[in-house]
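Let's take a friendly walk through a protein model. Have a look at the picture, and then read on with it beside you.

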Amino acid sequence: GSGGGGAEGKVAVAVVDLRSNAGGVLDEALKFCALFAKPRRRDSDFLGVFEFRDETVPVIRDLKKTISQLLEDRGIPRPLRRRADELRDVPIVVLVDGLSASAAELVAVILRDNCRGIIVGENSRTYGKSTIQAVVEVVGGGGDALAVTVGRFRAPRGEVIESGEGVRVQARWKGWGKVDPEGIVGELGRQEVFAKARRVVKMCGERAEAR
């Protein structure tokens, strides 16, 4: 979704709704983050670290292509790609709740740590699950499979999403009750949340550029 439309109908703030999202395929979550990551002094952004028993693997996504080019590679029709590149400069409000887990939590912290958005929730924290699992088919099990934990994910700034603790939100937004962001009202108010997103993302980016 989007909100806070600016001059000439341009998107001022984007809303990514991850409420009650239990996660999914890790690689797809990282591809999604790469679409919205904003390159500054380098052509790639650091999206985090995979920690396995015997090695640590940095996760870096190539950002030389524009969003519309990446979407074209995936076969997305031209009308849906037309304004996509605007989103690299648009602050993002990531909506979460106590059921946002796993890959959904990773998306939230990656966008936050890369100065792309703020995490907003009705609850103070998300579910809490950063383990990496592989699905292994049981031999002779008639199609049964096991989810085996093989590692964990560490966010760009070093945070590990601990089990049961989750990710702390940066702003509380109570009383939403609707999926449509236009219908959300609450403790801060929609425009106040959008204003905070713009302010936090700008300050974060300025600090990153200074390093």
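Once neighbours within four places in sequence are set aside, F32 is in contact with V16, V107 and L111. You can find F32 in helix α1, which covers residues 26-36. One of those contacts shows how folding brings parts of a chain together: F32 and V107 are 75 residues apart in sequence, yet 7.9 Å apart in space, C-alpha to C-alpha.

Is F32 buried, exposed or something in between? With a relative accessible area of 28%, F32 is partly exposed, because buried means under 20% and exposed means over 50%.

## The whole chain

Please keep in mind that this is a predicted model. How many helices and strands does the protein chain have? There are five helices and nine strands. Following the sequence, their order is β-β-α-β-β-α-α-β-α-β-β-β-β-α.

The protein chain has 211 residues, and 41% of them count as buried. Its accessible surface comes to about 11,500 Å², with 51% of that belonging to carbon and sulfur atoms. Now take the contacts in the protein chain between residues at least 6 apart in sequence: 66% of these join residues at least 24 apart.

## Strand β5 and its partners

Strand β5 spans residues 92-96. Five of the five residues of β5 are buried, so this strand is largely enclosed by the rest of the structure. You can check this face by face: I92, V94 and V96 are buried on one side, while V93 and L95 are buried on the other.

Which strands pair with β5? One is strand β2 (residues 13-17), which pairs with β5 in the parallel sense over four bridges. In this pairing, D17 has L95 of β5 as its bridge partner. Another is β6, which is parallel to β5 and joined to it by five bridges. Here V93 stands opposite I118 in β6, and V96 has G121 as its bridge partner.

## Strand β6, covered on both faces

Strand β6 covers residues 117-121, and five of its five residues are buried. On one side you will find G117, I119 and G121, and on the other I118 and V120; all are buried, and both faces of the strand are covered.

Besides its bridges to β5, β6 is joined by two bridges to strand β9 (residues 171-172), and these two strands run parallel. To spot this pairing in the picture, look for V120, whose bridge partner in β9 is A171.

## The helix between two strands

Helix α4 takes up residues 103-113, and together with β5 and β6 it makes a right-handed β-α-β unit. All 11 of the 11 residues of α4 are buried, so the helix is largely enclosed by the rest of the structure.

In the loop between β5 and α4 sits S102. Is S102 buried or exposed? At 13% relative accessibility, S102 counts as buried, because the limit for a buried residue is under 20%. Leaving out residues up to four places away in sequence, S102 touches A22, G23 and K129. Just after α4 comes C115, which takes a positive phi of about 60 degrees.

## A nonpolar patch on the surface

Let's finish on the outside. Which residues form a nonpolar patch on the surface? They are F52, V136, V138, L146, V148 and V150, and together they have about 430 Å² of accessible area. Strand β8 (residues 145-154) gives the largest share of the patch, with three residues.

F52 is a member of the patch and lies in strand β3, which runs over residues 44-52. Its relative accessible area is 30%, so F52 is partly exposed.

Terms used
Residues numbered from 1 in each chain as written. Predicted model: local features only at pLDDT ≥ 70, side-chain atom pairs only at ≥ 80, totals over all residues. Heavy atoms only, no water. Patch = residues over 30% accessible without salt bridge, like charges linked within 9 Å, V, L, I, M, F, W, Y side chains within 5 Å. Areas by Shrake-Rupley, 256 points an atom, 1.4 Å probe, with all protein chains shown as cover. Salt bridge = Lys/Arg side-chain N within 4 Å of Asp/Glu carboxyl O. Buried < 20%, exposed > 50% of the residue type's maximum accessible area, 1.4 Å probe, protein only. Pairing = 2+ DSSP bridges. Right-handed = clockwise from strand over helix to strand, strands pointing away. Contact = heavy atoms within 4.5 Å.
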